[in-house]
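Visitor: Can you walk me through this protein model? Keep it quick, please.

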Amino acid sequence: MNVRRSLTALVAAGSLMTLAGCGVIGATASSYAVTPQGLEVREQELRSMLPYAGRDSAARVVPPDLAPRDALLRALYDGTWAYYAGEWDRASAGFVAAADLAEDRYTKSITQNAAALLTNDRALSYTPGHTERLLTHYYGALAFIGKGDTESAAVEARRLGAMLEKLAPESSDRDRSLRAVLRLVSGAVFEAAGEANDADVSYRNARALLGADSLQLPGRTAIPADSGDVLVLVETGWVAHKVAQELVIPVYGSEARAFSDSGNAAARLGVAATLAGRTVLLMAARPDQGIWWVDGQPMVVNSWGGVGVARPLDKDGYMLKLSWPVMRRSSAARSALTAVASSPSPGMLGGLLGSTTSGVVADLNDAAAADLSRDRNAILTRTIVRQAVKFAAVQAGEAKATKKWGDLTGSIVGGLLNAAGAALERADTRGWWLLPAGISAVRVRLPVGEQPIAAAVGIGGRDLGSVTVRPGRLTVVSRRIWSGQAAALPTPATLPAGPSAETALRDR
């Protein structure tokens with residue numbers, strides 16, 4: 001064994017002891033506690049509590065024992081919690097802090113990268129994808145509107161526009177609907193703040209993304225004195241979340257020894273080809289299907305959603321574990337808002353009366369999936385490099401122990417290092433999982449005064465409470481319809497409003 005490999009082994013052994021204090025081992029362990037949908041139990045508990053953020057004084061903050069460990073995710077979760085509780089100062093502060101942290105995290109530290117190569121990607125500071133970065137500014141703008149600060153809301157809308165331009169070269173059709181709705185909302189924020197030119201630019205960008213016929217928004221037009229416009233935003237469902245997909249591949253003794261022989265390049269390439277073929281075969285297996293090798297080859301069977309080795313590894317054998325994230329949808333976005341109207345009977349949708357128009361839907365599920373697709377190559381590269389480092393560490397640790405204490409001790413040390421490395425190999429499934437699956441946007445013109453509004457959502461209807469329509473002005477109203485919520489909802493409490501815009505965010 002060369003000096004470099006020995007040093008790698010020492011670093012690996014030391015890391016397994018010291019990283020526990022950094023929370024990597026604890027975070028990895030908790031990631032194995034998941035619901036049948038693959039979401040971490042902790043995240044599911046937070047989802048179940050969020051609808052009560054604005055109703056129960058005891059639920060107005062994220063429970064400390066359930067809060068994310070990462071500072072950026074904590075800021076996003078705290079901002080989200082405050083947002084639905086109507087605590088606008090805390091909400092806007094949380095989203096601004098999260099946006100600033102995200103900008104700082106594109107240069108990762110050498111220490112974090114080294115730790116990730118010996119454990120998993122959870123050792124890295126969390127870096128949000130396109131969708132989360134954009135929505136940080138979106139919710140920040142709405143939080144400022146909620147506190148009546150349209151000037152600061154316009155600043156966030158401007159930051160959102162700059163982020164949209166920055167990320168445009170990497171965008172795809174899968175996140176087009178989100179970008180269109182964000183442009184539409186930005187235009188509304190600018191219009192509410194009296195910044196007409198910026199509003200017109202945002203509306204033009206929205207039309208360019210979806211087409212004038214698809215986007216039923218005439219843009220900034222003169223509003224009669226006896227009427228006012230209302231932009232209604234309705235959130236439904238839960239955004240798709242990442243789940244860990246895992247595969248365990250047996251590397252038998254002769255293969256491990258050949259791969260460790262740096263002087264025989266042909267043998268190493270042959271082993272690599274064998275392992276690649278074995279990996280492809282295992283990945284193609286159905287969960288209920290066993291894999292059998294004949295002619296002396298190992299038998300491998302599926303177990304617990306992954307793949308386990310039925311025959312024990314032989315001497316110098318190695319257990320190669322791969323873990324990567326995939327997206328799983330919690331809710332459909334397309335069953336969201338289809339129409340909105342003023343109705344004389346809040347809570348009832350026997351017939352939609354008044355002004356009615358169809359809406360456009362931002363599909364956050366597709367946008368989140370597009371984010372993972374953009375990250376997949378980097379995730380795969382880190383996974384491959386990490387497996388090489390862990391394999392070298394196990395081989396070096398076993399050789400060192402064998403030389404000092406004998407074959408039996410060496411085998412035990414090698415096995416323990418291999419098992420620890422496999423247990424720590426866990427996909428990074430962190431994310432802002434409190435987001436909705438879809439955000440619908442509809443602009444309607446209503447008579448001046450206090451107007452009840454209702455919406456057709458999927459095949460049902462929802463009472464969205466009431467809105468104060470101001471003469472000749474635009475009002476922004478945002479609601480979230482929680483899973484399992486009854487068709488007829490009580491009217492939400494009146495929230496603070498600015499001089500030219502209003503945001504109502506709670507269904508009580």
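Visitor: What am I looking at, and how is it numbered?
Guide: This is a predicted model, where local features need pLDDT of at least 70, side-chain atom pairs count only at pLDDT 80 or more, and totals for chains, interfaces and linings use all residues. Residues are numbered from 1 along each chain as its sequence is written, and side-chain values use heavy atoms, with hydrogens and water left out.

Visitor: How many helices and strands are there in the protein?
Guide: There are 14 helices and 11 strands. Both are DSSP runs numbered from the N terminus: helices are H or I with at least four residues, strands are E with at least two.

Visitor: And what share of the residues counts as buried?
Guide: Of 508 residues, 53% count as buried. Buried means under 20% relative accessible area, exposed over 50%, and partly exposed in between, with a 1.4 Å probe and protein chains only.

Visitor: Switching to H14. What does this helix reach from its first C-alpha to its last?
Guide: H14 covers residues 407-424, 18 residues in total, and reaches 26 Å. That is close to the 26 Å expected at 1.5 Å a residue. The expected span is 1.5 Å times one less than the number of residues.

Visitor: Which residues of H14 are buried?
Guide: Gly410, Gly414, Leu417, Asn418, Gly421, Ala422 and Leu424. They sit on the same side of H14, because they cover an arc of only 165 degrees around the axis. The arc is that of the directions from the helix axis to the C-beta atoms.

Visitor: Why would such spacing put residues on one side?
Guide: An α-helix has 3.6 residues a turn, so residues three or four places apart point the same way.

Visitor: And what does the face of H14 turned away from its buried side carry?
Guide: The exposed residues Leu408 and Leu416.

Visitor: How about H3? Which residues are buried there?
Guide: In H3 (residues 41-49), they are Arg42, Glu43, Leu46 and Arg47. Those fall within an arc of 140 degrees seen down the axis, so they line one face of H3. Their cover includes helix H4 (71-85) and strand S2 (241-251).

Visitor: On to the sheet. In what order do the 4 strands come?
Guide: The order is S7-S8-S1-S11, in an open sheet with mixed pairing. Two strands pair if DSSP finds at least two bridges between them. S7 (360-363) and S11 (474-481) stand at the edges with a single partner strand each, so one side of each has no neighbour in the sheet. Neighbouring strands are turned by 20 degrees against each other on average, direction ignored.

Visitor: How do S7 and S8 run?
Guide: Antiparallel, with 4 bridges joining S7 to S8 (residues 438-447). In one of the bridges, Ala362 partners Ile439 of S8.

Visitor: Which helices pack there?
Guide: Helix H7 (residues 130-146) touches S1 (227-236), S8 and S11, its direction making about 135 degrees with that of S1. H9 lies across S1, S7, S8 and S11, at about 120 degrees to S7. Axes are lines fitted to C-alpha atoms, for helices over the stretch in contact, and angles run from 0 to 180 degrees between N-to-C directions.

Visitor: Last topic, rings. What counts as a pair?
Guide: Rings of Phe, Tyr and Trp (its six-membered ring) pair if their centres lie within 6.5 Å; planes under 30 degrees apart are stacked, over 60 edge-to-face, the rest tilted. By this rule there are 11 aromatic pairs. In one of them, Tyr83 and Tyr84 have ring centres 5.0 Å apart and planes at 85 degrees, so the pair is edge-to-face.

How values were computed. Contact = heavy atoms within 4.5 Å.
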